[in-house]
Amino acid sequence: MDIRMHIARFGGEEFVIFIEGAREDDAVHWAERARHHLATSDWSAAGITSQVTASFGVAEFGRSLIGPAIERADRALYRAKAAGRDRVASAPSLRSPLLSLASMAKV
């Protein structure tokens with residue numbers, strides 16, 4: 001599968017990653033792989049001695065406007081941070097007070 005991504009800085013330490021043609025579950029899988037790679041990589045060559053972690057908020061763009069999709073992803077990101085950081089949360093997890101394992105992944 002040919003995947004095209006567009007990455008842009010979207011604030012101080014936040015980035016938007018648009019994965020063309022991806023479904024939300026595909027994007028959650030990609031975000032989990034990226035989160036795991038960041039957490040398990042050796043960053044000492046870059047002068048970083050502590051562990052690098054990241055939280056991801058994922059929302060499907062579909063046929064809606066980009067603004068609402070970014071807002072849903074942002075809410076999911078803050079939900080991931082509130083749940084302990086270094087996690088991936090998807091927008092459907094916002095529908096329920098309890099996060100499912102599928103929408104709040106942590107390896």
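The structure is a predicted model, in which local features need pLDDT of at least 70 and side-chain atom pairs count only at pLDDT 80 or more, while totals for chains, interfaces and linings use all residues. Residues are numbered from 1 along each chain as its sequence is written, and side-chain values use heavy atoms, with hydrogens and water left out. Helices (H or I, at least four residues) and strands (E, at least two) are DSSP runs numbered from the N terminus.

**Largest pocket**

- The largest pocket has a volume of about 1000 Å³.
- Its lining has 35 residues, and Phe15, Val16, Ile17, Phe56 and Gly57 are the closest to the pocket centre.
- Two or more lining residues come from each of β2 (15-19), α1 (24-40), β3 (56-58) and α2 (66-82).
- With seven residues, α2 gives the most to this lining.
- A pocket is an open set of points on a 1 Å grid over the protein atoms alone where a 1.4 Å probe fits, with protein on both sides within 12 Å along at least five of seven lines; lining residues have an atom within 4 Å of a point.
- A volume is the space filled by probe spheres set on the points, which are joined across faces, edges and corners.

**Largest nonpolar core**

- Ten residues form the largest nonpolar core: Ile19, Ala22, Ala27, Val28, Ala31, Ala34, Ala54, Phe56, Val58 and Val88.
- A nonpolar core is a set of buried Ala, Val, Leu, Ile, Met, Phe, Trp, Tyr and Cys residues joined through side-chain atoms within 4.5 Å.
- Buried means under 20% relative accessible area, exposed over 50%, and partly exposed in between (1.4 Å probe, protein chains only).
- α1 gives the most to this core, with four residues.
- Ala54 touches Arg35, Leu38, Asp86 and Arg87, not counting residues up to four places away in sequence; contact means heavy atoms within 4.5 Å.

**Loop between α2 and β4**

- Arg85 lies in the loop between α2 and β4 (88-90), and its phi is near 65 degrees.
- Asp86 is in the loop between α2 and β4 and has a positive phi of about 50 degrees.
- Most residues other than glycine have a negative phi.
- Asp86 counts as buried, at 11% relative accessibility.

**Tyr78**

- Tyr78 lies in helix α2 and is partly exposed, with a relative accessible area of 44%.
- The side chains of Tyr78 and Glu14 are joined by a polar contact of 3.0 Å.
- A polar contact is a pair of N or O atoms within 3.5 Å; within protein, one must be able to donate a hydrogen and the other to accept it, and residues adjacent in sequence count only if both atoms are side-chain atoms.
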